[in-house]
Amino acid sequence: PILKDGLNERYNMRAYFGHGSYLAEDMAKADQYVKIDKRYLCSPNVGDLHGLLYSSAEQHPKDVFYVILCRVMLGYPARSQNGETTMESGSEVYANKARREFATIPGQRMPYHSLIIETS
């Protein structure tokens with residue numbers, strides 16, 4: 001779906017830090033979430049990808065993992081360690097308990113654009 005439709009928050013099943021598209025700046029973190037692709041057209045979900053990468057089954061390298069490299073603009077991000085409150089002011093990250101919309105930036109009339117989780 002990403003090849004056709006781009007990143008889409010609705011495909012996120014876990015929503016640990018709210019609904020959205022999760023990106024990582026560390027490849028080791030991204031590596032925790034990839035699945036192995038063992039053979040050419042092994043499932044209907046990989047047909048478009050295989051069509052772009054391989055002209056035949058013989059070209060498929062077997063036991064391959066894919067990661068999509070993205071350049072993203074975060075706008076005005078909320079920085080948090082727990083996904084609930086910001087590190088700067090302690091204000092709420094989300095507008096409500098559903099965690100689908102960001103809260104308004106303190107002193108502004110616009111909401112945060114993204115969330116950065118600081119792990120250390």
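Leaving aside its neighbours within four places in sequence, which residues is His-50 in contact with? Asp-37, Arg-39, Tyr-40, Leu-41, Cys-42, His-60 and Tyr-66, where contact means heavy atoms within 4.5 Å.

Okay, some housekeeping. This is a predicted model, so local features need pLDDT of at least 70 and side-chain atom pairs count only at pLDDT 80 or more, while totals for chains, interfaces and linings use all residues. Residues are numbered from 1 along each chain as its sequence is written, and side-chain values use heavy atoms, with hydrogens and water left out.

On confidence: pLDDT is the predictor's own score for each residue, from 0 to 100. The chain averages 89, and 99% of its residues reach 70 or more. Helices (H or I, at least four residues) and strands (E, at least two) are DSSP runs, numbered from the N terminus.

Back to His-50. You'll find His-50 in helix H3, residues 47-53. His-50 counts as buried because its relative accessible area is 0%; the cut-offs are under 20% for buried, over 50% for exposed, and partly exposed in between, with a 1.4 Å probe and protein chains only. Its side chain also makes a polar contact of 2.6 Å with the side chain of Asp-37. By polar contact I mean N or O atoms within 3.5 Å; within protein, one must be able to donate a hydrogen and the other to accept it, and residues adjacent in sequence count only if both atoms are side-chain atoms.

Now the strands. E1 runs parallel to E2 (residues 114-117), joined by four bridges; pairing takes at least two DSSP bridges. Arg-79 sits opposite Ile-116 in E2.

Ala-78 also belongs to the largest nonpolar core, along with Val-93, Tyr-94, Ile-105 and Tyr-112. That's a set of buried Ala, Val, Leu, Ile, Met, Phe, Trp, Tyr and Cys residues joined through side-chain atoms within 4.5 Å.

Last stop: Asn-82, in the loop between E1 and E2. Asn-82 is partly exposed, at 43% relative accessible area. Its side chain reaches two backbone nitrogens, that of Glu-84 at 2.8 Å and that of Thr-85 at 3.0 Å.
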